[in-house]
Amino acid sequence: MQDFFEFRLTPRVMYKSGLAFDMSAELATLGGTKAFIVTDAGVLKSGLVDRVREAISAVIEVVGVYSDVPPNSSVRVVEAAAAEAKAVGADILVAIGGGSPLDTAKGMRIILTEGGNLLDYEGVNVLERPLVPMVAIPTTAGTGSEATNFAVIKDDDNHVKLSFTSPYLAPELAILDPQMTATLPAHLAAATGMDALTHAVEAYVSVEHEPMSDALALGAIEMVSNYLREATHQGGDNENARGQMLIASAMAGIAFTNAYVGAVHALAHATGGHFPVHHGLANSIFLPHVIVFNAPAEPERYSRIGRAFGVNTGGRSREEVIGDLVAAITQLALDCDLPIRLRDAGVPEDALEMLAEQAFGDGALYHNPLPATAEDLLGILRAAW
Ligand SMILES: [Fe+2]
């Protein structure tokens, strides 16, 4: 165990079906009077934004809505949205959506509070004071962004994903409402659920793991293994499964905001920077292969993950359990109709070397239980292709 660790429980998390449409009491405690909504076109079209807007308007003024957030948000998008919010005097942000709108709002908070260029605040703990308050209402389960200190935002000019890390980036309030994920398309429910699983697995085996993040990670792993299939295929009809996935996603978010992620995310960041592969799908494809690579460094921990994932452990060796875990994760992806090969996700074979180099430079690798060279990463990419 670690001699020293720091564990933060940053956002106030509230769960209730329908809470996003009835949150006046909670909103009134945050101090803002001019709310600005950040979302994407798909969520806007679903009608959910109008209902949340109505709920906000019951307590404070809604001064604007920015709905042009693309699937992988970028510095340019954040700066454009922040300029709009600033022009209307916004003093509280309400982000409604998946990871991209939530991370966009996090970037906007920096600009609205500190001014200047977003890029000046890239990195770890650059921010020194609280930011314009933010409410996060996830519509996927998920990135966990509603519960993390991170924002990942693409640099438009050189295709890299920049990361911003600070406790001040965590939203003041995270509203988990399964009515907000009722219209989520099956392929997105599946891909984002695999992202949550990856956060929990990577946090559990991270070199930064500690008992408190471990508990949240194992709990999230068990919930994803029990509920992702139902949440994907029964979607709108199964509020319990969607609720469980929302909670699992936030738990995994709190786990990895403390213990960080590893090689799966390094590979997914590189892939998502160059090809339009959904972040959760990229993680889903790499996760089994990274487990095979990492297992010799943490056999005990991976077999414990196997138990949480429902693998039969009775009288079996750790290696057998880990083998079954890899098969069970692959089967979960297949059951959720996700492609399991990189070639089927639109990544050409001749890009693998470049992706290995790029992933080798990703900060997530620092926390991977086994040091990985660019050559190792290329091996994982080839196995996944
Ligand atoms: Fe992720």
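**Labels and the values behind them**

Modeller: Helix 13 and helix 14 are oblique to each other. Before we go on, this is a predicted model, in which local features need pLDDT of at least 70 and side-chain atom pairs count only at pLDDT 80 or more, while totals for chains, interfaces and linings use all residues. Residues are numbered from 1 along each chain as its sequence is written.

Biologist: What makes helix 13 and helix 14 oblique?
Modeller: The axes of helix 13 (residues 352-360) and helix 14 (residues 374-384) cross at roughly 130° and come within 8 Å. Axes are lines fitted to C-alpha atoms, for helices over the stretch in contact, and angles run from 0 to 180 degrees between N-to-C directions. Angles under 35 degrees count as roughly parallel, over 145 as roughly antiparallel, 65 to 115 as roughly perpendicular and the rest as oblique. The pair is therefore oblique. Helices here are DSSP runs of H or I with at least four residues, strands are runs of E with at least two, and both are numbered from the N terminus.

Biologist: Which residues of helix 13 and helix 14 meet?
Modeller: From helix 13 come L352, E353, L355, A356, E357, A359 and F360, and from helix 14 come A374, L377, L378, L381 and R382. Contact is called when C-beta atoms, placed from the backbone, lie within 7 Å. By class, this contact has nine nonpolar, no polar and three charged residues. Ala, Val, Leu, Ile, Met, Phe, Trp, Tyr, Cys and Pro count as nonpolar, Asp, Glu, Lys and Arg as charged, and the others, Gly among them, as polar.

Biologist: What is the angle between helix 11 and helix 12, and what is it called?
Modeller: Helix 11 and helix 12 pack at about 50°, with axes 8 Å apart. That angle makes helix 11 oblique to helix 12. Their contact includes Y302 and I305 of helix 11 and V321 and L325 of helix 12. The residues of this contact divide into six nonpolar, two polar and three charged.

Biologist: Why is G314 called exposed?
Modeller: G314 has 5 other C-beta atoms within 10 Å.

Biologist: Why does V59 count as partly exposed?
Modeller: V59 has 16 C-beta neighbours inside 10 Å, so it counts as partly exposed. V59 sits in the loop between helix 3 (48-57) and strand 3 (61-66). Leaving aside neighbours within four places in sequence, V59 is in contact with S24, L27 and A28.

Biologist: How do you know that strand 7 and strand 8 pair?
Modeller: Two strands pair if DSSP finds at least two bridges between them. Strand 7 and strand 8 have five bridges, in the antiparallel sense.

Biologist: In which sense do strand 5 and strand 8 pair?
Modeller: Strand 5 and strand 8 (residues 161-165) pair in the parallel sense over two bridges. F164 in strand 8 is the bridge partner of G123. The three strands form an open sheet in the order 5-8-7, with mixed pairing. Strand 5 (123-124) and strand 7 (150-154) are the edge strands, each pairing on one side only.

Conventions
A residue is buried if 20 or more other C-beta atoms lie within 10 Å of its own, exposed if 12 or fewer, and partly exposed in between; C-beta atoms are placed from the backbone. Two residues are in contact if their C-beta atoms, placed from the backbone, lie within 7 Å.
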